[in-house]
Structure formats: C-alpha cells, structure tokens
Amino acid sequence: MESLFANMKGSLTTIINNQEDAFWGEKISGRLINKGFRWCKSFRSVEKGRKFKAGFAFSVLTRDINKNLLSFEDSIFEEADPKAVVSVILGGGAGTRLFPLTSRRAKPAVPIGGCYRLIDVPMSNCINSGIRKIFILTQFNSFSLNRHLARTYNFGNGVGFGDGFVEVLAATQTPGDEGKMWFQGTADAVRQFIWVFENQKNKNVEHILILSGDHLYRMDYMDFVQKHIDTNADITVSCVPMDDGRASDFGLMKIDETGRIIQFAEKPKGPALKAMQVDTSILGLSELEAANFRYMASMGVYVFKSDVLLKLLKSAYPSCNDFGSEIIPSAVRDHNVQAYLFSDYWEDIGTVKSFFDANLALTEQPPKFDFNDPKTPFYTSARFLPPTKVDKCRIVDAIISHGCFLRECTIQHSIVGVRSRLDYGVKFKDTMMMGADYYQTESEITSLLAEGKVPIGVGPNTNIQNCIIDKNAKIGKDVVILNKEGVEEADRSAEGFYIRSGITVIMKNATIKDGTVI
C-alpha cells in the first residue's frame, strides 16, 4: 500500500477508522513512499489508549489492526541518503608486495580482468551505490592512475556525475615541519587533507566512507551505511569470515551479541592470532564453514560519522597514523564500533600471487566473481577499439579483451588484455597478459622483424605457462616460459623478468629475445 512515512512526537493514541488507514500524532516531516521500511528493532504491541513517553516514534495503523498500535520507542527510522555520504579511496603505499607490477604505477592503477584497473572496482561500486562525492588519495607512482581517472570519471566525456565530484588529493608538502612529511599511513593521509572535509561544500556530509583501491568485490555501500545508521554506530567495519591460512594477513575482531566490536587486533601472529578465534556460526555460517573459517577479518572498508572521524584524527588520536592498527583498536574502547558482515566474494589484491589467482579465477565456470552484471556494471576507460579478430584458434576457459589479433594459437585458462597480438603456434596456459597501450602497424612490425627486433606481442611457436605479462611486452618467437625448475623467487630484471611466488612476471616494456628459455 502507499503509506505516509512520518516522524511523530508527543502522546500517541489509537484511532480506529473503518474506511481508511489512519495515523495519529504531531507530524514533523513526512513523505509518501511506496516501499518497505528498514526496521531497526522488533515490533511490540501496545494496548489501546496507552501513552508513549515523549520522544520520537513511527506508527502505522491499518484496517487490519483495530486493537493495538504497533510502534517503536526510542528509535528513529532514518533511511541512508547517498548525498550525505563522501567516499575516500586510498591509493595505497609503495606496493612492494605487488612489485614489479607497481614499479611504474600505483596499486589501484594495476590492470585486471583484461580491460579494467583496480581503481575501477571501488569507483564503480560508489557509482552503483548512488554515491557521487568521491575523493582519491594518491602518493606513489600516481601518473597513470591520475590519467585513468581523468579520462574515465569526469563531467565531460566520461561518466556523468551531476552535482557530484571526483577529486584526486595528491600527497603534497605544506608549510611547517609536519607539512614536509609524506603520508605516514591510511589515517594520516586523511588527516593531512582534513581541511577538505571541513570545507563549506561538504557541510552536509554526515558519513565518510573509507575504501581501499586494491580490492576485488561488488558491494552496495548504502546497505553498509544503512547498518551503520540503524545501529547508531560511530564507526562500522565491514568484515568477512577468514580461514587459518590467511587470517594473520588481516585485522581480526571479536564481537558481542549485538554486533559491537569488543576487540580488534591488526595482523596478529602466534598466540595472539589464536586468541582472536571466534564462533563464526553466529554470523550465519554452517557448522562445517564455521570450522574452516574461525576468524572475522576486516576488509579495510570503514564508515565513520563525520564528526567522529574528525575528532579522532584531530584531537583524540592526533599521533595515530593507521586506521587498522591504531585508530580502530583505540576507538573500540570508548566508541560504538559495529561489525558489518559481507557475505559475497571479496579478495585483497595485495600480492603477486593473490593478483594472479584472482585474475585466473575470472575465467572459471561459473566464476566466483564476474565483472559482467547488467544491473551493477563496472566502468572503465572507453578505448574505442575494434572487435577482437580470431583466426583458427582454440580457446578454452579464457577471457579475450577487445582489439586483439589472435592467429592459430591455443589459449587455456588465461586472460588476454586489450590490443594483444598472438602469432601462430602460440600456446597460453594459466597466463595473464595485460595487453598493450598502443598498436604497431603492419609496416612497423615487418620492419622490426626485418631488422631482427621483436615487435609488441607474442611471436610464433612460443609456449607460456604460469605467467603474468605486463603491458607492451615484446616476446619473440620460439620462446619457452615454463619455469620447469620450480624457482620461487628470482630477480632477472636485466633480462626483463622476475619470478615471484613461482610466477614468472614479464616486466612492462620488456623484450624477451627469440629462443629464450625461462
């Protein structure tokens, strides 16, 4: 039915109306809505004629109820408004665990899934959640990231934002001794731009959403913010169940029966790790799942009340530089810090191995995560490339991006990025090829081959397995990249590649000469 959603105060009394639904109370504000309420607490009935104590309540009386008035006491039904939310995406540190993929780019600028960059994940989640006020904090190797953001998310020829904005806040030096320091951590990065959040144009912002630029997941942030509002939390931390093998890589938490976080430990080891085990069946996991996932891990995704965040950074903990290891554990003692369980796919793309595994997982059927969702699409730079041309190829469980030229090759369980060129006889297995930033013409390729040089792409009869090939790589003919000896770590940058966690990584713009065996 179409109902009036209204704030009421004072004394309420039941009114019976045989013809229409009835409401009683002093109306402060109201609007017609045609959807269900988000309830904070359970209903309880109140006998006819009973008075309410002064305060706020919400009441709806329908023709099916003629004796009791269903109500709430001490609750305010507030629907989360995306216009009252500012999103802050953290560009990350030096990205040493993702090196050499981060040797010339920031972590959020690393290509993923054939045609996207990691920054497209939180950006698209914000857009799909209706959040149009977005800041991106950058510091290391930010050129390609800034260029991608400018090309993709702007008012002119990218995604339109109406009255919203996308602004890059680059690390900079300011007057004074403290102003000469770069970002010292996630919290310090926000603190150094705290004046932005105190700006007049952000005066109506009630909640600040802190996001990471190197995660892979699809999330409606407004559901997250709604939980934050419903529980009247000062801070809400999004969390996922975690297994023993990876728990020590994350911030872990314990909660009480109301969902409030009572203990938070950042990346604990040894006995401290075991002390953070919890019964995750209270989160809705089955007994078998709870036995395998005995920890609650922070996703590094937080929402703060604006005034609380500013107070924490400016006065309460002015010397704390990191959210996960300092601000959150300290705030748990004297603030209402709530946990929000995220039950869908989520992956922290923090290492070369996690990056590699997450990419190849996209090729599986069915995939654990899929960029293709018509209702919540993922956005990226419009490249205006032609369709991929495939000539007598065998392709199994693979993703082929646009603008590629594939000739009589075999591709299995692999990703081939934009503008890739694979010549005849090429074999790909368990390989992630990022593609190229530009094309070489047929005449340029012919000229390079005549001079004994290697053009961009992969030459004839080359066999590649368990490998990441960065942008604009030039791999010659009859090359073998298999790492048969099972080397785990190697620095062969002079030859154009590294081996990280057993995965061969061909560097950006590198040349692998004809006949090379790795």
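Predicted model: local features only at pLDDT ≥ 70, side-chain atom pairs only at ≥ 80, totals over all residues.

**Pocket, pairs and partly exposed**

Tutor: Residues are numbered from 1 along each chain as its sequence is written, and side-chain values use heavy atoms, leaving out hydrogens and water.

Student: Which residues that line the second largest pocket are closest to its centre?

Tutor: The pocket has a volume of about 650 Å³. Of its 30 lining residues, Arg-407, Arg-421, Asp-423, Glu-442 and Ile-445 are the closest to the centre. Helix α12 (442-450) is one of the elements that supply at least two lining residues, and α12 gives the most, with four.

Student: Why does Glu-326 count as partly exposed?

Tutor: Buried means under 20% relative accessible area, exposed over 50%, and partly exposed is in between (1.4 Å probe, protein chains only). Glu-326 has 26% relative accessibility, so it counts as partly exposed. You'll find Glu-326 in helix α10 (residues 323-331). For the whole chain, 49% of the 518 residues count as buried.

Student: What is Glu-326 in contact with, leaving aside its neighbours within four places in sequence?

Tutor: Contact means heavy atoms within 4.5 Å. With those neighbours left aside, Glu-326 is in contact with Ser-319, Cys-320 and Asn-321. As for Glu-266, its C-alpha atom is 8.4 Å from that of Glu-326, though the two are 60 residues apart along the chain.

Student: And what makes β24 and β26 a pair?

Tutor: Two strands pair if DSSP finds at least two bridges between them. Strands themselves are DSSP runs (E, at least two residues), helices are runs of H or I with at least four, and both are numbered from the N terminus. Strands β24 (residues 427-435) and β26 (residues 463-469) have six bridges, in the parallel sense. Thr-431, for instance, stands opposite Cys-467 in β26.

Student: How many bridges join β26 to β28?

Tutor: Two, and β26 and β28 (residues 480-481) run parallel. Here Ile-464 has Ile-481 as its bridge partner. Strand β31 (residues 503-506) also pairs with β26 in the parallel sense, over three bridges, and Cys-467 has Thr-504 as its bridge partner there.

Notes
1 Å grid on protein atoms, 1.4 Å probe; cavity = no way out; pocket = protein on both sides within 12 Å on 5 of 7 lines; lining within 4 Å. Points joined across faces, edges and corners; volume = space filled by probe spheres on them.
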